[in-house]
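Hi everyone, thanks for coming. Today I'd like to walk you through one structure, step by step, so please take a look at it with me.

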Amino acid sequence: MARSEGRLWSTPALGLGPGCILICLCVASAQGGTSSTADRAFPSSPHAVCVGDCTNDDSVTVDELITMVNIALGNTGVCSAGDANLDGGITIDEIVTAVNNALSGCGAEPPPTPSLTPTATPTPGLPDVSGSWREDQYVLRSSECDGDFTAVVVDAVQQPPVCDYRISQNGASITAVDCNANSVSGTVDETATIRLSQPEETDTEEGCTIAESVDASIDASHSPTVAVGTLRFRFSGACAPLFNCTIVIQSRWIKL
């Protein structure tokens with residue numbers, strides 16, 4: 001099968017990994033080509049993000065840990081939930097994360113870490129979420145998009161794998177500046193939830209126009225914490241077989 005040519009444009013994002021504010025995969029051929037990352041297995045429907053939960057029952061058992069170890073050693077086994085970074089293998093870090101999930105339960109979060117250096121001017125009743133935050137450990141949470149397109153988006157989000165952000169706060173208003181000096185505005189509420197929104201941006205190549213908008217939510221009440229970014233794509237023009245779809249990416253945020 002002939003492979004279609006594609007190009008990827010990306011500018012840094014806030015709250016979603018520095019590789020994804022505008023991501024366009026424009027296909028010059030509508031004859032069913034594949035991208036260079038087509039050999040990576042990205043699901044087209046939501047999947048569990050609890051690392052080590054091979055059976056998707058919201059828990060990690062000893063048998064599942066053994067399965068992950070066997071896969072890491074090169075033996076046969078199937079555990080898609082063990083591959084947190086979606087690189088097609090099982091690493092020591094992923095096994096350690098799975099062990100923690102087995103001990104603490106899926107979705108368990110560490111207790112809050114107090115901020116030692118307040119730098120904001122928060123409104124009374126609103127928490128202070130300002131300071132430096134680090135984002136890493138990007139995980140595909142769900143995707144309605146084509147598998148090849150999803151793979152390209154995830155690859156872009158994960159480059160670079162670590163990005164530091166500076167959050168400034170004035171009352172309920174938030175400004176976030178990422179590791180590439182890109183900024184976006186948002187809000188924080190009484191629960192310390194930061195919400196960032198990137199207005200829709202578009203780009204066109206080879207007659208295919210892709211529009212992307214981004215919404216991110218970060219629970220900044222404690223650290224480490226989880227950020228969830230929702231990427232919405234609209235396609236028009238000569239974009240077949242691509243279709244309007246949504247990708248949800250989860251990442252870890254740590255207060256520095």
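I'll talk about the strands, then a pair of helices, and then the nonpolar cores. Keep in mind that this is a predicted model.

Let's begin with the strands. Which strands make up the closed barrel? There are eight of them, and the order is E3-E4-E5-E6-E7-E8-E9-E10, with antiparallel pairing. Going from one strand to the next, the twist averages 30°.

Let's zoom in on one pair. Strand E6 covers residues 183–188 and strand E7 covers residues 193–205; the two run antiparallel and are joined by three bridges. If you want a spot to look for, find Gly186, which stands opposite Leu196 in E7.

Helix H3, residues 147–157, lies across strands E3, E8, E9 and E10. Its direction is at about 20° to E10.

Now for the other helices. Which residues of helix H1 are buried? In H1, which spans residues 62–72, they are Glu64, Leu65, Met68 and Ile71. Looking down the axis of H1, you find these buried residues within an arc of 120°, so they line one face of the helix. Here is a handy piece of background: an α-helix has 3.6 residues a turn, so residues three or four places apart point the same way. On the other side of H1, Val62 and Asp63 are exposed.

On the H1 side, the contact is made by Leu65, Met68, Val69 and Ala72. From H2 come Glu94, Ile95, Ala98, Val99 and Ala102.

In soluble globular proteins, nonpolar side chains tend to be buried together. Here, the largest nonpolar core has 36 residues, and Phe149 and Phe233 have the most contacts inside it. Strand E8 gives the most to this core, with five residues. Apart from it lies another core of 11 residues, including Val51, Met68, Ile90 and Ala98. You've met two of those names already: Met68 of H1 and Ala98 of H2 are both part of the helix contact.

How values were computed. Residues numbered from 1 in each chain as written. Predicted model: local features only at pLDDT ≥ 70, side-chain atom pairs only at ≥ 80, totals over all residues. Heavy atoms only, no water. Pairing = 2+ DSSP bridges. Helix = DSSP H or I, 4+ residues; strand = E, 2+ residues; numbered from the N terminus. Axes fitted to C-alpha atoms, helices over the stretch in contact; angles between N-to-C directions. Contact = heavy atoms within 4.5 Å. Buried < 20%, exposed > 50% of the residue type's maximum accessible area, 1.4 Å probe, protein only. Arc of directions from axis to C-beta. Core = buried A, V, L, I, M, F, W, Y, C linked by side-chain atoms within 4.5 Å.
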